[in-house]
Amino acid sequence: MVLARKKRNITPADPANILTALHIGASSVSIIIAERDEKGNLTAIDFLEQPAPLAQDVFGGNVVSNATTERIVTIIRGYQQTLSELGLDPHNLTRSVATNVLHEAANHEAVLNRIRIACGLPISMIDDGEMTRLIYLKTRRRIQHLPAMGQRTALVVHVGPGNTRALLFQEGLITRYTSYRMGTHRTREAVEASNAEGLSLLRVIREHASGNLAQLRFDFSDVSIDGIILIGYEIQSVASSLTKNNEACTLKDFRKFTAETANLSDLEAVKRFQLDYQTAEALVPSLEINLAIAETLNLKEVHIPTSEYEQGLLHDLLASRELTGSFAAEVLRSARILSDRYHSDADHGEHVGKLCEHFLTSLQDLHNLTAHDALLLQVAAILHEVGTYVSARAHHKHSEYIILNSEIFGLDRLDVTIVALVSRYHRHSGPKLDHPSYAALTVEDRIRVCKLAAILRVADALERTHAQRISKIEIIRASGKLRIRLPGFEDAAIERLAMDSKADLFEQVFGLAVVIEEDI
Amino acid sequence: MPEYNNRELSWLEFNQRVLEQAQRESLPLLERLKFLAISASNLDEFFQVRVGSLMLLRRSGRKTRENSGFTPTQNLAAIRERVLKMTADQYDLLNHTLIPALAVKGIVLLSPQQLSDSQRAQTAIAFEDNISPLLTPLAMDENGTPPTVPALHIVLACRLFDPADQTTRHVLIPIHENLPRRIAVQTDGETNAFILIEDLVATHADRLFPGESITATTAFRVTRNGDIAVQEEDAIDLADEMEDVLTARRFADTVRLEIRSDAPRDLSRMIRTVTSSGAQEIYSHAGPLGLASFMEMAFLPDYDHLRDEDWPAQSSPSITPSASMFETIAAGDVMLFHPYESFDPVIRLIEEAAADPDVIAIKQILYRTARQSRIIDALIKAAENGKHVTVLVELKARFDEARNLNRADELQRAGAQIVYGVKNLKTHAKVCLVLRRESGHIRRYVHLGTGNYNETTSRLYTDLSYLTCKAEYGNDASLLFNAVTGRSKLLRFQRLIPAPSAMKPRLLDLIAGEAERAKQGLPAKIIAKTNSLQDPEIIAALYEASQAGVEVKLNVRGICCLIPGKKFSKNIEVVSVIDRFLEHARLFYFHQGGDPEVFIASADWMTRNLEKRVELMIPIEQKIIKRRLIRILDAFFKDNQNAYRILPDGTSQKINPAKGEKPFRAQEHFHQQSRRAAKAREHERSMTFEPHVPQE
């Protein structure tokens with residue numbers, strides 16, 4: 001019989017200095033426990049990782065099996081014990097997230113509920129936007145020193161379990177971002193039925209990926225790529241076999257390595273590369289997809305960081321908050337590139353954005369919107385007129401579908417939908433439930449769209465002339481009205497006319513009639 | 001196909017070197033007796049493990065040849081031939097040299113015939129009072145199942161005659177393991193006379209069988225297959241399963257039957273039947289059986305003049321007695337060379353951790369522990385004090401399972417988390433990790449060693465201890481514990497190199513690296529100290545390095561399957577040092593173009609260590625420590641007193657001083673060095689006063 005322990009009287013490390021992040025990934029569950037020093041730098045105290053076949057279940061049968069769910073629960077409970085040993089609250093983690101692969105499981109909610117019940121931990125899913133943000137952070141923080149990043153045009157490709165993302169860096173800044181429904185585990189499950197082995201397996205993978213590869217070739221056909229950096233769980237786990245000291249690996253060597261690996265059994269791969277079975281099974285698809293991408297882009301060599309992928313990801317999950325500023329700037333840059341592509345009036349968009357910012361700042365207590373909403377409004381301001389590229393007539397509708405069908409770096413699908421709807425509602429009809437995209441949103445998100453569109457319409461009315469005439473405004477709230485004073489501006493007839501047709505939504509949403517007051 | 005020496009014969013050659021220590025006239029008498037006992041104890045283990053598994057292999061019908069080309073049958077025949085010669089040497093030494101020489105010095109072994117009437121009466125009382133209650137004779141049922149006799153016990157076989165019905169029968173009397181081997185016999189003078197227990201029982205056994213008389217006796221001893229492993233897949237609770245193994249091992253197949261050469265024929269035949277022994281398993285000895293138990297005699301009190309002068313462990317100059325171990329390690333890495341330097345600082349670290357309120361957790365791997373282990377006591381105290389104590393107790397540490405089980409149970413009762421090793425792997429790494437809160441941050445203190453956490457062997461085995469609080473080493477130690485406790489998969493380490501995942505590939509890389517340098521005409525050198533060298537891939541890599549021109553110096557205590565001095569190994573020198581302390585440290589040096597890499601390790605260069613065990617190889621980065629380790633390695637190759645050169649045929653030749661060369665004994669050199677260093681440090685301390693100041 002195990003006797004009860006004495007009550008612990010140990011003072012733990014200062015919990016305020018300790019950050020923890022749990023990640024339920026595509027093929028493993030991991031946790032990082034990191035300590036923050038006086039300068040805010042994070043040092044890992046402990047890192048634990050256990051394989052769990054989540055992606056295999058999701059892409060193989062659309063649901064996460066009970067066995068896998070229970071395995072995840074057992075792993076997390078073990079981690080919670082480690083947290084207790086360090087004197088930390090096992091139910092209060094800084095971040096606890098799951099891969100967005102889980103979203104594709106029909107029972108994802110039941111899985112998250114089970115974990116919450118068994119471990120007392122709420123888990124949120126990493127969305128596409130956050131994933132992109134993490135890749136961006138990884139690029140910024142860890143692989144900036146790679147020789148390829150110094151090159152003029154570098155492509156960072158992340159072949160994930162379900163999707164592949166490509167970030168184009170020009171002079172160190174993101175100029176393009178694309179994503180493809182092609183991933184290591186997704187491909188593995190898709191080609192498994194072929195029973196192909198060795199080189200024939202590589203051929204089957206290549207055929208399966210051909211559509212996405214053609215799209216990728218088209219997406220980057222107008223740029224000359226100087227260097228490519230391949231990142232991802234599987235490829236980084238064999239990086240040290242492919243390259244030494246972060247030097248480039250020639251495509252010839254990469255091809256040879258891929259062919260050799262394809263001829264290994266899973267057991268041999270496990271032994272040779274010290275992998276778990278989950279990773280070993282997804283290794284060949286990962287190598288072949290990465291190789292195919294490099295070949296498609298006619299590159300002679302690739303760079304693969306030898307750092308630990310998973311540990312870096314968890315580290316970034318904790319560090320991401322401090323880098324929001326530069327990340328937002330990259331999102332806006334991506335929006336501007338899209339605006340340019342559709343010859344939208346950039347000065348107008350920027351000016352509307354500035355006015356929106358002014359309203360947001362002045363009316364914080366009124367709208368209660370978040371910083372993230374503010375970023376979406378800025379993006380909508382930049383993009384609201386891209387539809388004019390198709391036709392000036394009903395351009396707000398064209399704007400909606402152009403945005404809906406575009407990739408904006410750092411924004412997930414929900415974000416993009418909100419930006420598209422806010423842009424659509426910058427003129428003419430306001431939100432209605434018979435607009436399908438709008439109706440598909442939750443009530444909370446519909447309210448966000450209404451608030452953001454209301455502000456955009458008012459700002460756009462003030463920039464009716466596209467001449468940036470009104471740059472200084474004063475906002476006064478009094479007796480059911482929002483009075484917009486225009487210091488030094490004598491004739492705002494055009495803006496008032498525009499406001500008459502656009503301020504309706506603002507009044508409906510915020511209960512304030514908008515009045516323009518010139519400086520007479 | 002590279003050539004290899006036979007592993008079993010190589011081990012037997014090592015044991016012959018141990019026996020040669022007993023044959024050295026220059027050694028004090030009781031030291032010689034000790035080495036004889038060690039050689040016998042080694043043989044016992046060899047038969048249980050190696051011969052046991054070879055017999056299983058032979059029985060399975062497998063003809064697989066081992067690397068030297070021997071089939072199991074050939075191997076067993078070669079072993080028998082070699083062992084017969086060795087045991088003949090052992091008994092020749094015992095009967096003709098040691099027993100007479102001991103008698104001259106007052107330690108007299110009496111035979112039953114030599115007892116006087118009064119001595120006979122005195123021993124009869126001892127038999128009645130203390131011995132016979134512990135004896136359980138086993139009757140032989142001519143028609144039934146023969147009784148099972150326990151392994152490694154001396155058993156007395158007796159022929160009894162019943163005058164009433166004129167019948168003869170046989171009985172067996174196993175001598176209980178709790179009975180002393182040696183029974184003192186009173187003498188008039190100052191001599192220390194004694195009789196062996198089996199002789200005493202034989203003399204008075206008729207008291208056990210009233211009405212019958214004993215007409216003949218002889219002693220025998222069986223060795224059984226000890227290679228009975230736990231079927232881990234079927235084991236629900238490893239601890240329960242291990243108890244079954246312990247029981248099974250006592251009654252497994254006979255791999256050796258030792259019998260007195262003067263045994264009467266009928267008794268001899270009966271014993272063979274009872275033990276199911278074939279002719280190939282029988283070893284007849286011209287003297288007492290179970291020489292391993294003569295070890296106790298080597299420690300007889302009041303005979304220090306017949307033993308080596310004591311070499312007490314010195315305190316290391318790196319350790320400040322007045323400072324806590326945490327302060328000492330925080331001030332700089334510490335390397336201890338045991339047993340020249342005391343093991344006490346390692347125990348102190350765990351004891352201080354157990355009592356320190358800032359210590360959060362202690363994690364430790366225990367392989368073989370001492371009977372009265374201060375380390376386990378400290379871990380129990382730590383658990384009772386509310387620390388998180390995680391202990392991996394390796395139940396698969398052969399022959400130590402029983403002790404490990406008991407202590408594991410105690411630790412668990414105190415609240416420690418116990419892990420019974422890792423499935424399919426033996427955990428042999430020596431590591432202790434202490435997590436301590438310091439100024440709001442967590443700091444990890446690590447002890448990494450080449451030897452077990454065993455206070456007894458730390459006084460007898462040469463081992464290295466490395467104490468550090470470098471973050472990377474602490475981090476890697478954490479990863480190791482996360483892996484062995486099943487909480488995490490084994491992740492890539494920053495500094496430490498674990499087996500079975502990384503050590504062998506790294507060693508092969510390092511050897512290949514030296515070979516490449518040699519090919520390019522650059523200086524290249526490998527020096528390695530290991531207990532055994534058997535892994536074929538490592539040996540093949542060393543052959544290649546030799547052919548490339550790398551200077552390879554190997555200090556291998558035991559098994560060496562590498563063949564030195566051949567065309568393919570002409571640059572390889574192998575020495576083996578057998579001295580008062582058992583050479584146990586594993587230490588490797590790679591020249592690396594003049595920026596040498598030095599490692600200490602828990603693993604030998606054997607396939608079982610590199611592929612079937614959790615082991616650690618520890619790179620040593622601090623220059624001063626590195627230089628010290630290189631000097632240690634070099635010293636073994638200067639030894640011309642206790643070193644042997646391994647010859648191409650696997651035998652060895654003692655190294656003697658060359659003409660004009662001074663005698664040099666590595667172990668004595670290390671002892672003198674540690675004594676001088678401790679003295680110098682003591683002197684330094686005596687010159688520096690530390691005033692007591694009021695507490696703030």
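Where in chain A does N62(A) lie?

**View 1. N62(A) sits in a loop of chain A in this predicted model.** The loop runs between α1 (54–61) and α2 (66–85) of chain A. N62(A) is not a glycine, yet its phi is positive, about 65°. The residue counts as exposed because it has 11 C-beta neighbours inside 10 Å.

**View 2. N195(A) has a positive phi in a residue other than glycine.** The value is near 55°. N195(A) is found in the loop between α5 (184–192) and α6 (198–219) of chain A. With 9 other C-beta atoms within 10 Å, N195(A) is exposed.

**View 3. Helix α11 of chain A covers residues 277–296.** From first C-alpha to last, the 20 residues of α11(A) reach 29 Å, close to the 28 Å expected at 1.5 Å a residue. At L283(A) the helix bends by about 40°, and the proline P285(A) follows within four residues. Of the 20 residues, 17 are buried, so α11(A) is largely enclosed by the rest of the structure. Just after the helix comes N298(A), with a positive phi of about 55°.

**View 4. Helices α17 (residues 395–404) and α18 (residues 413–424) of chain A pack against each other.** On the α17(A) side the contact includes H396(A), K397(A) and I403(A); on the α18(A) side it includes V416(A), A420(A) and R424(A). Sorted by class, the contact has 6 nonpolar, 4 polar and 3 charged residues.

**View 5. Helix α3 of chain B, residues 72–104, has a kink.** The kink is about 40° and is centred on L94(B). At 1.5 Å a residue, the 33 residues of α3(B) should span 48 Å, which agrees with the 46 Å between the end C-alpha atoms. L94(B) is one of the buried residues of α3(B), and others among them are P72(B), I79(B), V83(B) and L102(B). The cover over these buried residues includes α1 (7–23), α2 (29–59), β1 (107–110) and β9 (282–285) of chain B. G106(B) follows α3(B) and has a positive phi, near 95°.

**View 6. A cis peptide bond links H338(B) to P339(B).** Its omega is near 0°. P339(B) belongs to the loop between β10 (334–338) and α10 (344–355) of chain B.

**View 7. The peptide bond joining A499(B) and P500(B) is cis.** Here omega is about 5°. P500(B) is placed in the loop between β18 (497–499) and α14 (503–519) of chain B.

Key
Residues numbered from 1 in each chain as written. Chains lettered and ligands numbered in written order. Predicted model: local features only at pLDDT ≥ 70, side-chain atom pairs only at ≥ 80, totals over all residues. Axes fitted to C-alpha atoms, helices over the stretch in contact; angles between N-to-C directions. Helix = DSSP H or I, 4+ residues; strand = E, 2+ residues; numbered from the N terminus. Contact = placed C-beta atoms within 7 Å. Nonpolar A, V, L, I, M, F, W, Y, C, P; charged D, E, K, R; others polar. Expected span 1.5 Å × (residues − 1). Bend = angle between axes of the 7 residues up to and from the residue. Buried ≥ 20, exposed ≤ 12 C-beta atoms within 10 Å, placed from the backbone.
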